[in-house]
Amino acid sequence: MNIHEYQTKELLRSYDIPVPEGRMADTDAAAGMIAEEIGGERWVVKAQIHAGGRGKGGGVQLADSVDDVKHHADKLIGTNLITPQTGPEGRHVQRVLVEAAQDIKKEFYLGLIIDRSKQRITIIASESGGMDIEEVAANYPHKVIREAVDPAIGLPAFQCRKIASRIGLTGPLMSQAVKLMQRLYRCFRDKKALMAEINPLAIVGADKLLAVDAKMSFDGNAVHQYPDITAYRDFDEEDPKEVEASGHGLNYIALDGSVGCIVNGAGLAMATMDAITYHKGRPANFLDVGGGASPEKIANAFRIVLKDPNVKVILLNIFAGINRCDWVATGVVQAMQDQHIEEPVVVRLSGTNYEEGQKILKDSGLPFITANDLDDAARKAVEALA
Ligand code: GDP
Ligand code: MN
């Protein structure tokens, strides 16, 4: 789960990590009021979307009057911002962050990730931070340093000093960097983050380190333990089909193919996707209805899958262990009748009450394509596309 820059900065501030003074606004009037409250002569207006590269896409604007702040806020809010990270469709901007503009002397990169191969939280740092960090990493990998943190020890000051000195931070800047890294690490651990990134971490004014841009993401399966983080969830940034599915207890992930899949269990979902790919088709989604696939759940699954206009055929693959094939079949027949489904539907049922399930499908008189096993089902689904 990703969160916005203004939310990340609020969280960092609560860990005493220095961030610019500022607040979020969802109207130009509010943006102007925030600028007045902050005071000073220069501000920065930043589009809040779950994607980076905003500087390159016009989503970060400097302003030297309150009117200018309002003007930029007005232009950004409601637009579709396209950046190198959004894809051509862009992201809808609903809010901006208004901050005191900083006099930046130098930009560094500081990130925390989980290195799965090392099974360690790993610090990534570079003396060449800012908007071109991706190119730096690709062309000058020696300029990006990595330090794994031993979970039994945590992040001791000496390790932070080592990182700071390798990116050229000395004297008072080094002691600020040590504190900042330790606080960021504590925040990361406390909230079970998956990623934290400060880019740029900047030297501003005479000699102060400041997190000028920040983003974090969290483990969606752990986040319910932290109501403060859960409250940061922005449903507008997520695929509406995925949001609706999670509300019905369905696990739905949108993909870009044309075979809609309704399956129970994540393992079977993945095997089904593999079988479709093997037969040269492409899954449109991953939808796991879980264990207790009631007729209502099946109906919801059909509705959600069919909201994707790319879906040209539906493959229902259910292995009924604790489930019952007759239940599932009843749900499928109901969904077909209530939702006037015109796309071909391939059904493969297996397990408890298999015969009863088949009979319900047959007696309905509906044009199901039935399949005997997973391979047969995937082949028939791909054939139905032609
Ligand atoms: P991103 O492009 O989405 O990562 O957005 P950032 O917040 O990192 O902003 C992009 C760039 O704008 C930064 O690398 C800075 O160079 C610049 N920038 C952001 N805030 C300020 C500011 O307060 N003052 C100045 N001078 N530059 C800023
Ligand atoms: Mn940035």
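Guide: Bear in mind that this is a predicted model. Let's start with helix H4, residues 66-76.

Visitor: Okay. Which residues in H4 are buried?
Guide: Val 66, Val 69, His 72, Ala 73 and Leu 76 are buried. Seen down the axis of H4, these buried residues fall within an arc of 125 degrees, so they line one face of the helix.

Visitor: Why would residues three or four places apart point the same way?
Guide: An α-helix has 3.6 residues a turn, so residues at that spacing point the same way.

Visitor: And which residues are exposed on the other side of H4?
Guide: Asp 67 and Lys 75 are exposed there.

Visitor: What follows H4?
Guide: Gly 78 does, and its phi is positive, near 95 degrees.

Visitor: Let's talk strands. In what order do the 4 strands of the open sheet run?
Guide: The order is S1-S6-S2-S3, and the pairing is antiparallel. S1 (22-25) and S3 are the edge strands, each pairing on one side only. On average, neighbouring strands of this sheet are turned by 20 degrees against each other, direction ignored.

Visitor: How many bridges join S2 and S6?
Guide: They pair over 5 bridges, in the antiparallel sense. As one example, Lys 46 has Leu 97 in S6 as its bridge partner.

Visitor: Which helix packs on the sheet, touching S1, S2 and S6?
Guide: That is H1, residues 5-14. The direction of H1 makes about 50 degrees with that of S6.

Visitor: New topic: rings. How many aromatic pairs are there?
Guide: The count is 0. There are charges over rings, though. The charged end of Lys 106 sits over the ring of Phe 108, 5.0 Å from its centre. Lys 143 lies over the face of Tyr 140, at 5.5 Å from the ring centre.

Visitor: One more. Where does Ile 253 lie?
Guide: Ile 253 is in strand S13, residues 251-254. With a relative accessibility of 39%, Ile 253 counts as partly exposed.

Visitor: What is Ile 253 in contact with, leaving aside neighbours within four places in sequence?
Guide: Glu 242, Asn 285 and Phe 286.

Visitor: And how far apart are Ile 253 and Val 178?
Guide: They are 75 residues apart in sequence. In space, they are 40 Å apart, C-alpha to C-alpha.

Methods: Residues are numbered from 1 along each chain as its sequence is written. Chains are lettered from A and ligands numbered from 1 in the order in which they are written. This is a predicted model: local features need pLDDT of at least 70, side-chain atom pairs count only at pLDDT 80 or more; totals for chains, interfaces and linings use all residues. Side-chain values use heavy atoms; hydrogens and water are left out. Rings of Phe, Tyr and Trp (its six-membered ring) pair if their centres lie within 6.5 Å; planes under 30 degrees apart count as stacked, over 60 as edge-to-face and the rest as tilted. A charge sits over a ring if NZ of Lys or CZ of Arg is within 6 Å of the ring centre and within 35 degrees of the ring normal. Buried means under 20% relative accessible area, exposed over 50%, partly exposed in between (1.4 Å probe, protein chains only). Helices (H or I, at least four residues) and strands (E, at least two) are DSSP runs, numbered from the N terminus. The arc is that of the directions from the helix axis to the C-beta atoms. Two strands pair if DSSP finds at least two bridges between them. Axes are lines fitted to C-alpha atoms, for helices over the stretch in contact, and angles run from 0 to 180 degrees between N-to-C directions. Contact means heavy atoms within 4.5 Å.
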